[in-house]
Amino acid sequence: MLAQFLQFLFSGVTVGATYALAALGFTLIYNASNVINFAQGEFIMLGGMLAVFFVQSGLPLPAALVLAILVPAIVGILIEKLAIEPVKGAETVTLIIITIGASLVIRGLTAVIFGKGTHSLPAFSGDEPIQILGATLMPQSLWVLGVTAIVVVVLWYFFNRTLTGKAMLATSYNRVAAELVGINTNGVLFMSFAMSAALGALGGILVTPITLTSYDAGIMMGLKGFVAAVLGGLGNGLGAVVGGLLVGILEAMGAGYLSSAYKDAIPFVLILFILFFMPRGLFGARVTDRV
Amino acid sequence: MRNRAYNGLYIVIAILLVLPFVLPNSFYLDLVIRMAINAVIVLGLNLLIGFAGQISLGHAGFLGIGAYASAVLPTHFGWHPVLAMVAGAVATGVLAALVARPIFKLKGNYLAMATLGLGIILSIALRNEAQWTGGPDGMPVPAFGVFGFELSSDKHWYWVVAVLLSVSVWASLNLIDSPFGRALRALHGSEVASRVVGVDVVRYKVSIFVLSAVFASLMGSITAHYVGFVTPNLADFFHSIELVTMVVIGGMASVYGSLVGAVLLTALPQALATFEGWETVVFGAILMICMIFLPKGLVPTLAAKLGKGE
Amino acid sequence: MALLDVTHLSIHFGGVKAVQDVSFSIDAGIVYSVIGPNGAGKTTLFNLITGVYKPTHGEIRLDGESIGGRSPDELARRGVARTFQNLQICMNMSAIENVMVGAHLRLDRNLIKAALRFPGLRRRDAALRDEALELMRFVGLDKFADARADAMPYGALKRLEIARALAMKPRVIFLDEPAAGLNPKETIEVDHLVRKVADSGITVVLVEHDMKMVMNLSDRILVLDYGKKLAEGTGAEVRRNPDVIAAYLGAHA
Ligand SMILES: Nc1ncnc2c1ncn2[C@@H]1O[C@H](COP(=O)(O)OP(=O)(O)O)[C@@H](O)[C@H]1O
Ligand SMILES: [Mg+2]
């Protein structure tokens, strides 16, 4: 009993950490621009696919991983420069369509370049499972959790202790005021796309040895990251992390105890309930629209 | 200004009357039928997205309910196709109304999330309930007949769909230029202003959402009978996106834009076949380019260029 | 009995106490002005009374009926109309349609009848169009009868909002800075327009920074400062009030 529960918990927390990174990515861009970036999932996919590709082409693992984060970050910047900045202030529908278009382009190009096969990446430190109270934990899960934890700490430091980070926060609270005190809000937008692409890619790389990847793996990952962000309270960084872990855990538990066929539906059932009964999510601030 | 809007309707009817006699072969007839079916769905969706300014990323799910009602109920339970179609539409309406009330207290991005979630749940259910739906492979749909008359040839379907389309265009034009339609457009233009003049905005959003969902469901049933086969792809997230794209490319808040969007995007896969392998890339690029350079969509942009409103 | 009775009204946004313990009452048929420096809470007060915001504390009574926390459409039904400091025009519609929306509650709003183009509904709509034209003439916008809202100048849009509010046939109209951003000539026109509206029997509640206009038009004036009521009375009383003088000449004149 306990072993089974732990087993579900481990796998839930592991994917949950990836959702958390994706949710943080959503949050960053949302705060900088009120845009929901539907291409977020493609960065996850891209990270995993590029890591596979660079490793296969003979690069040492660390170099491959760095490149697999850098390239998506550049893609993120390109999207921001070419597709988001030119339409600033457009309607939500327009922005959603643009990012969906971007996601199709990324996914399509990946399929053209790398094919439609499923790919895997060797685990960073072997496949020797660790036994805990009858459940097994893959060492790669520790990598996922450890790196996510480090990222969260670094981000916390960045937003609370550095000038750039504070400028980004200020922009999210009040864009006009931030501009008035001299913050380059376009720069902030640029940074947030780069960072959230990098975060997504990192999550994708870390989880690929466990979940495998393919050109179309990004959609579900991204959408679940979105669910996590909303669950935590859209715009709230801590909420994104908690939301990601919760979505991962509930999904794993639901798949384990209820129905594995409906695994992918679980986050969406969850989100409908959240939106119906606590639309600000777990940590969302109460705001009254200004008139 | 208003009466000019109806001129387009005559043109649409004229085209629909002439088309079957000039189309070279059944391939094109089939294409036109699918365009017209999509156009009716898009008209409904445009009322929601373009006129009322509310997004739905889950409309394919509603289409799926209609399509599968028409496939499953007659096949497994021996229902009459008409009854099955109505049941699908009623079920869709009830479901849409149930979720809409809490959903429409939300705005923009949350609305996108909620409708997207609903659509995905529906499409997953269709894939999983294989004993009823045939699972990912889909299932055949019995022929559609009323009063002993069976709709079998493409010609029959063409005239059915042509009439539906003409009536839908007419009804849409009527609706937007009515107190109901003005309230709908007003809550898009300024929600707070429409509230203070007395518009119960949630009620209006719910009504139009339910209406467009029921349209999608009915046309899903028609698609099912026409094609004779349904697959869960019909209800996919990607199909929802395709429908939204038809709206925005043709032109938000433009009745004729809906038609243009549906025609272009239904033809697009055919056109893209020459780009084999690159379809998704080209499709995505078209979406982005249209939204960046023609954010109002084709028809309103062209109409503005020609110096007259729709 | 006063038309509108506000007692101990407060609203807080997080730490910001935008309106604090404000009480006053407005008799039917008068022009009542609310003045005070920027950020004093005037717009927030309007938002509270018209149902856009829900009060944290306090009570609002219209004709003795408690309306605090009611939704804007319920208030519209009771004859409360308003305009906005930051324009709230529907730019996706024509000018005249913006006015026609004001008559929303007086029309048959049935969806099916509309879609099927019922003759009765069409006839009412045609009549309304004439009525809306008449209102546009009343506010001085006849030449924009066929204009799209997004093609109109700012000053005209300010008046279009008034026409829309009047289309509701309201009992009381709240005007939030109707002359803000207008040139002196336009300001005088709006001054006359407000007078005309008041003369037609509608109670007017006015927020305006143009003191000449306020003193000219108002029967009574409420002065707000930092969300609190500083003074209330006739123009002459308010002008003599030492707190008002201090507030206007002091910290943030
Ligand atoms: N929706 C809101 N959320 C947060 N603060 C608000 C909101 N609306 C108004 N405020 C605050 O309330 C105060 C009063 O604002 P307002 O009523 O607009 O002043 P006025 O109209 O007198 O210039 C200001 O400090 C403003 O920032
Ligand atoms: Mg104000």
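In the predicted model, the magnesium ion (ligand 2) is coordinated by OG1 of C:Thr43 and OE1 of C:Gln85, at 2.0 to 2.1 Å (donors are N, O and S atoms within 2.8 Å of the metal, or 3.2 Å for Na, K and Ca; water is not among the atoms, so sites may look incomplete). C:Thr43 belongs to helix α1 (residues 42-49) of chain C and C:Gln85 to the loop between β6 (80-82) and α3 (95-101), so the pair ties together parts 42 residues apart in sequence. C:Thr43 is buried at 16% relative accessible area, whereas C:Gln85 is partly exposed at 26% (buried is under 20%, exposed over 50%, partly exposed in between; 1.4 Å probe, protein chains only).

The contact between chains B and A (heavy atoms within 4.5 Å) takes 42 residues from chain B and 43 residues from chain A. The area buried between them is about 3600 Å², with 83% from carbon and sulfur atoms (accessible area, 1.4 Å probe, lost on being put together, summed over both parts). B:Asn109, B:Tyr110 and B:Met113 supply 19% of the area that chain B buries against chain A, more than any other three residues. Zero salt bridges are found across this interface (a side-chain nitrogen of Lys or Arg within 4 Å of a carboxyl oxygen of Asp or Glu). On the side of chain B that touches chain A, 32 residues are nonpolar, eight polar and two charged (nonpolar: Ala, Val, Leu, Ile, Met, Phe, Trp, Tyr, Cys and Pro; charged: Asp, Glu, Lys and Arg; polar: the others, Gly among them).

Residues are numbered from 1 along each chain as its sequence is written, with chains lettered from A and ligands numbered from 1 in the order in which they are written. Local features need pLDDT of at least 70 and side-chain atom pairs count only at pLDDT 80 or more, while totals for chains, interfaces and linings use all residues; side-chain values use heavy atoms, with hydrogens and water left out.

Notes:
Buried area = accessible area lost by both parts, 1.4 Å probe. Helix = DSSP H or I, 4+ residues; strand = E, 2+ residues; numbered from the N terminus.
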